[in-house]
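Morning, everyone. I'll take domains, then salt bridges, then the pocket, then some backbone details. Have a look at this one first.

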Amino acid sequence: RQHLGHKSNSQLDDSLIYLWPLPNEFTNGNSTISIDPDLSLQVSGNGGNSAIIKQAFQRYKTIIFKHSSNFSKSKKPIVYDVSWIKITVNSDNETLNLGVDESYSLYVAKQEGHSIVGEVLIEANTVYGALRGLETFSQLCTFSYSSKSVEVYKAPWYIKDEPRFVFRGLLLDTSRHYLPITVIKEVIESMSYAKLNVLHWHIIDEESFPLEVPSYPDLWKGSYSKWERYTVEDAYDIVEFAKMRGINVMAEIDVPGHAESWGTGYPDLWPSHTCREPLDVTKNFTFDVISGILSDMREIFPFELFHLGGDEVNTDCWNSTVHVKNWLQDRNMTVKDAYQYFVLKAQEMAIAKGWTPVNWEETFNSFKENLNPRTVVHNWLGGGVCPQAVAKGFRCIFSNQGVWYLDHLDVPWEGFYNSDPLEGISDLSEQQLVLGGEVCMWGETADSSDVLQTIWPRAAAASARLWSRKEVSAGNISLNVLPRLEYFRCLLNRRGVPAAPVTNYYARRAPIGPGSCYEQ
């Protein structure tokens, strides 16, 4: 898989297009265009004056012009082909909802006329489409070590692009290991480079409860320590940081299982002191707390999807705790009935607060006939669930653990790349019920020291599947895809993201010997 030797004059295959993910329509030529390091922004359209555009332009300017041009013995002025980027945004609506228009067109050309030397034009209906166009433009820009300037090769470029799926997600687990705000922001920033657009924030689990909930201020006593917590302001900051990059934050509180940490602050939520999960189904207090959490989180998380978990619910505690057992008997309910009762009640609360509930697939597998029809089913246990869910009229998110769980270090990049959320679904109307997919970074063995190199570059293999139409990214995987993914991994490294080598036998391992980033 990996060889120790490398060619010192390693050359890239010029026939390949080193954009990741690949745009859905493009044409290009064979000219080279130089870009002025003092690149200026011109905006037009109803949404052109947005702070989102202006801040993104400054961010990308820093990314594109990494190399200083201040020191030079030659003071001869350099004439660049392109000194302006013109961005037109048609709408001033900055609502970042599911299915927001992320389409854009990008034109990069050297003008032969005298009025303009060259131009870069991005046009989009929304600021979020313009962000995707800026990312693509930044990937076209390359620093030339011979001319010491930034150049765009293979111009003129005309790109017309839009995503294949509306939901392109990454799950981040901050319960198994606390991740500082700076690390979460690094993850969000890196997501934008691969055009991912949903951070699924699995904030809380049985191990720790790090989030401040003003309505129930003792809940975060379930944090690992008083330093490993998120204030309401922290959470709001993360949501705003993500929005500036066109990324929604889908929060999750996993009920009724995976909730032992809740009882540290409020022991009445446990069925008993010796049997601590699932949450006590018999008490109004349990649902009062859930309602309080949802009310407080609604102030922070504007995204219309909210994840209520519902997976891996071991109901033994309900059966073995006397008062719960009696409650069930009085109502002629089994523990399976109680599980359904709990999930449906939590769903009703979320819907009442204007959310669409997302639940892990066990809820669908256990009581699909009674699940609220607005439910989005989140697949994880294996293949074949999304086809069943959409056949029943439910929407679905694909996260098959065998191929899209990032904590499974033995799943190679090819496993991520070759998987498809539409697998087994041929009916067009059913295909439209698949919102997309999500790669999952469960945190048992990932913390600040290794989370980014566990996510990247394999998450990018999935992002290609979620953004690009399948026929666009077809072809020989070793010849056409691997060199491009290795290039993108090196691009991430250049941007300060510690993405691991692509062809590692186990993900996130360091290289086994000397060699080029571009040719492992």
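How many Å separate the centres of domain 1 and domain 2, taken over C-alpha atoms? The answer is 37 Å. Before going on, the ground rules. This is a predicted model, so local features need pLDDT of at least 70, side-chain atom pairs count only at pLDDT 80 or more, and totals for chains, interfaces and linings use all residues. Residues are numbered from 1 along each chain as its sequence is written, and side-chain values use heavy atoms, with hydrogens and water left out.

Domains. Domain 1 covers 25-161 and domain 2 covers 167-471; such bounds come from an automatic or database domain assignment. Contact here means heavy atoms within 4.5 Å. On that basis, 19 residues of domain 1 touch 19 residues of domain 2. The two domains bury about 1700 Å² between them, with 52% of it on carbon and sulfur atoms. Buried area is the accessible area (1.4 Å probe) that two parts lose on being put together, summed over both. On the domain 1 side, L96, L98 and R132 lose the most area to domain 2, together 39% of what that side buries.

Salt bridges next. The rule: a side-chain nitrogen of Lys or Arg within 4 Å of a carboxyl oxygen of Asp or Glu. That gives a count of 17. Between domain 1 and domain 2 the count is two. R168 pairs with E102, their closest N and O atoms 2.7 Å apart. R59 and E189 also form a salt bridge, at 3.9 Å, N to O. R59 lies in helix α1 and E189 in helix α3 (residues 181-193), so this pair ties together parts that are 130 residues apart in sequence. Helices (H or I, at least four residues) and strands (E, at least two) are DSSP runs, numbered from the N terminus.

Now the largest pocket. Its volume is about 930 Å³. A pocket is an open set of points on a 1 Å grid over the protein atoms alone, where a 1.4 Å probe fits, with protein on both sides within 12 Å along at least five of seven lines; lining residues have an atom within 4 Å of a point. There are 29 of these, and L12, T142, Y153, Y487 and R494 lie nearest the centre. Elements giving two or more residues to the lining are α1 (51-64), α2 (127-140), β6 (141-144), β7 (149-155) and α17 (477-494).

Last, the backbone. Most residues other than glycine have a negative phi, and most peptide bonds are trans. K154, in strand β7, has a positive phi, near 60°. V255 and P256 are joined by a cis peptide bond, omega about 0°. P256 sits in the loop between β11 (248-252) and α5 (262-265). E277 and P278 are also joined in cis, omega about 5°. P278 is in the loop between α5 and α6 (284-298).

Terms used. Grid points are joined across faces, edges and corners, and a volume is the space filled by probe spheres set on the points.
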